[in-house]
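Notebook open, model loaded. I want to look up a metal site and then follow the chain around it.

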Amino acid sequence: MKTKAAVAIAAGRPLEISEVDLDGPRDGEVLVEIKATGICHTDEFTLSGADPEGLFPAILGHEGAGVVVDVGRGVTSVSKGDHVIPLYTPECRQCPSCLSRKTNLCTAIRATQGQGVMPDGTSRFSHDGDKIFHYMGCSTFSNFTVLPEIAVAKVDPAAPFDKICYVGCGVTTGVGAVLNTAKVEAGATAIVFGLGGIGLNVIQGLRLAGADMIVGVDINDDKKAWGERFGMTHFVNPREAGKDLVPHLVNMTKRGADQIGGADYTFDCTGNVAVMRQALEACHRGWGQSIIIGVAGAGQEISTRPFQLVTGRVWKGTAFGGARGRTDVPKIVDWYMAGKIQIDPMITHTLKLKEINKGFELMHEGKSIRSVVVY
Ligand code: NAD
Ligand code: AHE
Ligand code: ZN
């Protein structure tokens with residue numbers, strides 16, 4: 001079949017809208033009509049050329065929602081007409097990682113996913129006979145896409161596609177980092193670095209968990225009002241705190257008799273390795289945990305004095321908020337439908353596919369929280 005898609009031809013180039021060829025689903029695969037897709041900073045990261053796994057030409061996008069329109073042989077868990085969210089972290093429930101119950105990082109198809117192909121080693125996308133790579137196993141910047149059955153979560157059909165597509169990455173990552181990875185307890189103090197599409201969801205996760213003090217840190221002052229909307233209690237612009245940002249944050253979070261300071265939990269939602277260090281060092285001595293969510297470019301490394309860890313601070317990372325997609329994503333959609341979490345106000349821009357490059361410009365300019373393309 002033919003489908004409309006935004007194709008990433010090469011690193012650093014705007015996406016090109018074209019009609020591409022899409023082969024139907026093979027055994028264990030489903031064909032999904034994508035109804036809406038968000039644009040996440042990770043799409044920008046890969047398009048920029050900073051992603052060591054980046055392949056071109058590819059169809060990017062990993063934050064979608066849509067309808068199953070066809071199924072391959074052997075598919076049992078979804079049928080035509082089901083509303084689904086594609087999962088860049090699938091959940092096979094059979095691999096050693098899924099069975100361990102210790103991680104959400106299903107390994108069933110990770111190798112081929114990183115090579116931009118389906119589990120059988122081939123791509124379903126092409127143009128004039130030339131292969132186009134899949135991206136993160138999702139390729140939601142195409143109106144129709146093919147996914148393995150284990151990489152779709154069936155969700156409430158009453159939920160609006162143009163909002164729940166955000167659950168496909170940003171909402172689940174932010175809220176999940178708090179609830180699944182950090183396991184924040186009521187009364188905790190927390191600092192969130194970077195108040196974009198992920199950081200604001202960390203903030204709403206912290207509010208849900210009952211955190212007392214939620215400090216937001218961003219170089220863009222416009223983010224102060226955004227953070228406050230979702231539960232942030234204090235805001236710091238690092239450009240004003242200068243070199244003293246970490247002591248400033250430690251001082252702000254002093255509580256209790258010992259007056260040592262430092263947060264119980266910090267979250268990096270920037271992808272900047274210097275910020276990751278600040279986030280670790282702004283943790284409380286003895287128990288503070290710093291969660292890395294941001295994705296850093298090829299060749300970049302984190303560093304700190306080992307003494308920071310010797311004295312009890314913990315560095316952790318999280319992918320997709322530690323969520324097991326087929327199990328947890330439908331629940332998060334239900335939370336949204338029940339009004340437990342907010343999505344609508346974070347979707348600042350709704351675009352047509354032909355306007356998708358505008359979504360990347362808005363992100364660069366710091367003017368959007370989430371842009372969503374509606375097909
Ligand atoms: P975004 O562009 O919407 O937000 C980034 C925010 O960080 C912006 O508000 C920006 O002003 C702020 N910022 C930039 N430099 C800063 C600095 N030095 N100090 C403080 N704030 C700073 O991006 P997003 O969509 O929220 O994504 C954030 C990061 O999370 C990206 O690196 C993205 O690739 C990553 N990500 C990771 C996962 C995961 O599963 N681990 C999932 C989604 C996104
Ligand atoms: N390809 C990059 C890493 C990118 C990365 O860390 N991706 C996150 C999801 S970001 C979603 O917006 C992730 O899930 N990582 C776990 C995994 O298995 O990819 C690189 O550095 O090579
Ligand atoms: Zn993402």
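Which residues coordinate the zinc ion (ligand 3)? I'm working from a predicted model here. I find Cys40 through SG, His62 through NE2 and Cys169 through SG, at 2.1 to 2.3 Å.

Next I checked the geometry. The site of the zinc ion (ligand 3) has 4 donor atoms, and the angles among them run from 99 to 125°. I'm noting it down as tetrahedral, because four donors count as that if all angles lie between 85 and 135 degrees. For reference, the ideal angle for four tetrahedral donors is 109.5 degrees.

Then I looked at the spacing in sequence. The donor residues read C-x21-H-x106-C. His62 and Cys169 sit 107 residues apart, so to speak for the record, and the pair links distant parts of the chain. I place His62 in the loop between helix H1 (41–48) and strand S4 (63–71), and Cys169 in the loop between helix H4 (161–164) and helix H5 (170–182).

Are these two buried or exposed? His62 counts as buried because its relative accessibility is 1%, under the 20% cut-off. Cys169 is buried as well, with a relative accessible area of 5%.

Last stop was H1. I count it as largely enclosed by the rest of the structure because 6 of its 8 residues are buried. Those are Thr42, Asp43, Glu44, Phe45, Thr46 and Leu47. What covers them? The cover includes strand S3 (29–38) and helix H13 (356–364). After H1 comes Gly49, and I noted its positive phi, near 100°.

Terms used. Residues are numbered from 1 along each chain as its sequence is written. Chains are lettered from A and ligands numbered from 1 in the order in which they are written. This is a predicted model: local features need pLDDT of at least 70, side-chain atom pairs count only at pLDDT 80 or more; totals for chains, interfaces and linings use all residues. Side-chain values use heavy atoms; hydrogens and water are left out. Donors are N, O and S atoms within 2.8 Å of the metal (3.2 Å for Na, K and Ca); water is not among the atoms, so sites may look incomplete. Four donors count as tetrahedral if all angles lie between 85 and 135 degrees; four count as square planar and six as octahedral if opposite donors are over 155 degrees apart and all others between 65 and 115; anything else is irregular. Helices (H or I, at least four residues) and strands (E, at least two) are DSSP runs, numbered from the N terminus. Buried means under 20% relative accessible area, exposed over 50%, partly exposed in between (1.4 Å probe, protein chains only). Contact means heavy atoms within 4.5 Å.
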